[in-house]
Amino acid sequence: IPYSHADARDFILGFVPGAWESDTEWGFVVEVEGRYCGHITLRNEGSRRAEIAYGSHPWVRGSGHMEHALRMLLDWGFREKDLATVIWLANVGNWASRRVAWRLGFSFEGTLRQWLPHRGELRDAWAGTLLAADPREPRRRWIDEAVLEGGGVRLRAFREEDAARVVEACRDEQTRTWLGDLPSPYDEEAALSFIRGRTGLRARGDGLSWAVADPETDELLGSVGLFDLTDDLAYGEVGYWTHPQARGRGVMTAAVGLVLEHAFGTLGLQRVKAYAARDNAASRRVLEANGLTEHGVERLGAVLADGRVDAVLYDILRGEWARSTRP
């Protein structure tokens, strides 16, 4: 940085042909109707292995051209270079790259700590693999983001700008009483880690998480999520917390209602469950106001700040929800 015209010439006229000559990397330009779209490459790791890498020009992002080019590259590598395994690596947080790899059929393998060099430091890296015999299609669902609004609240994606309000909520004595597994002390880094992890739920197909916001000011009022979705989208669990300044206003009752509508009406779930500590009257009122009914007790099932207590199981079926919301 800055990246100069000379840097580009050195890459195009020096590095790329040199890598082909040494058989260490096989790089291609992606072109659409004579216009440069980006660069894609397979880095030869030996023993029939390669690493895929790609970078797109801003004008082409979201068009699908790079995905098509990468499919061509993979087909070429498996066929012409007799590759057995291709690995994908990206800095943790590079969701655009991860979504492309997901579309191509890469299996997400996890996180490599301090692995990728990045401007003088080592960054944590996501890793995925694709074998020659693997289908070139997603292995799991990726749940698209949804913005929901109604009842005086808006459910949207968390943003890093929400961190200060998350810290306030998660340092609150009442919040910490009922959510005993929160990090302590709860600082900005803990909040940012929470926020950055929300997209991972959708990427893994495990669930969705929303920031509950004021529709007028966009101020964060709480958090609500749908978790532990089964592979067949039959079941899920709802969970939530409310910023102390928003308590007693019906905020979370409205938010959970929007989540149930999305779960049953859009995702097609058959059952949604929830747990609340036996003595958490406020949380239980939110569930009961949305039609969930008590169906049992999980002994010592809730972790509080001062230990474990019994948790009450609530649930609601799709048919019950439909009858309760019918005009």
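The paragraphs below discuss helices, strands, aromatic rings and cysteines in turn. The model is a predicted one.

The account begins with helix α1, which covers residues 5–22. Its 18 residues reach 25 Å from the first C-alpha to the last, close to the 26 Å expected at 1.5 Å a residue. Just after α1 comes Asp23, which adopts a positive phi of about 60°.

Helix α2 spans residues 65–80 and has 16 residues. From its first C-alpha to its last, α2 reaches 22 Å, close to the expected 22 Å. The buried residues of this helix are Met66, Ala69, Leu70, Leu73, Leu74, Trp76, Gly77 and Phe78. Following α2, Asp82 has a positive phi near 55°.

The strands come next. Strand β2 (residues 35–46) and strand β3 (residues 49–56) run antiparallel and are joined by eight bridges. One of the residue pairings here is that of Thr41 with Ala53, its bridge partner in β3. The two strands form a hairpin with two residues between them, and in that turn Ser47 has a positive phi of about 55°. Strand β3 also pairs with strand β4 (residues 85–91), in the parallel sense and over four bridges. In this pairing, Ile52 has Trp88 of β4 as its bridge partner. As a general point, side chains in a regular strand alternate between the two faces of the sheet.

How many aromatic pairs does a search of the whole structure find? The search finds twelve. In one of them, the rings of Phe108 and Trp126 have centres 6.3 Å apart and planes at 80°; because an angle over 60 degrees counts as edge-to-face, the pair falls into that class. The pair links distant parts of the chain, with Phe108 in strand β5 (residues 107–118) and Trp126 in strand β6 (residues 121–131), 18 residues apart.

The charged end of Arg98 sits over the ring of Phe108, 3.7 Å from its centre. Arg98 lies over the face of Trp126 as well, at 4.7 Å from the ring centre.

Another tryptophan, Trp210, lies in strand β9 (residues 208–213). With a relative accessibility of 2%, Trp210 counts as buried. Trp210 and His5 are 205 residues apart in sequence, and their C-alpha atoms are 43 Å apart in space.

The cysteines complete the account. A search of the whole structure finds zero disulfides. Cys37 has 0% relative accessibility and so counts as buried. Cys170, at 2% relative accessibility, likewise counts as buried.

Terms used. Residues numbered from 1 in each chain as written. Predicted model: local features only at pLDDT ≥ 70, side-chain atom pairs only at ≥ 80, totals over all residues. Heavy atoms only, no water. Disulfide = S-S within 2.5 Å. Buried < 20%, exposed > 50% of the residue type's maximum accessible area, 1.4 Å probe, protein only. Phe/Tyr/Trp six-rings, centres within 6.5 Å; stacked < 30°, edge-to-face > 60°. Lys NZ or Arg CZ within 6 Å of the ring centre and 35° of its normal. Expected span 1.5 Å × (residues − 1). Pairing = 2+ DSSP bridges.
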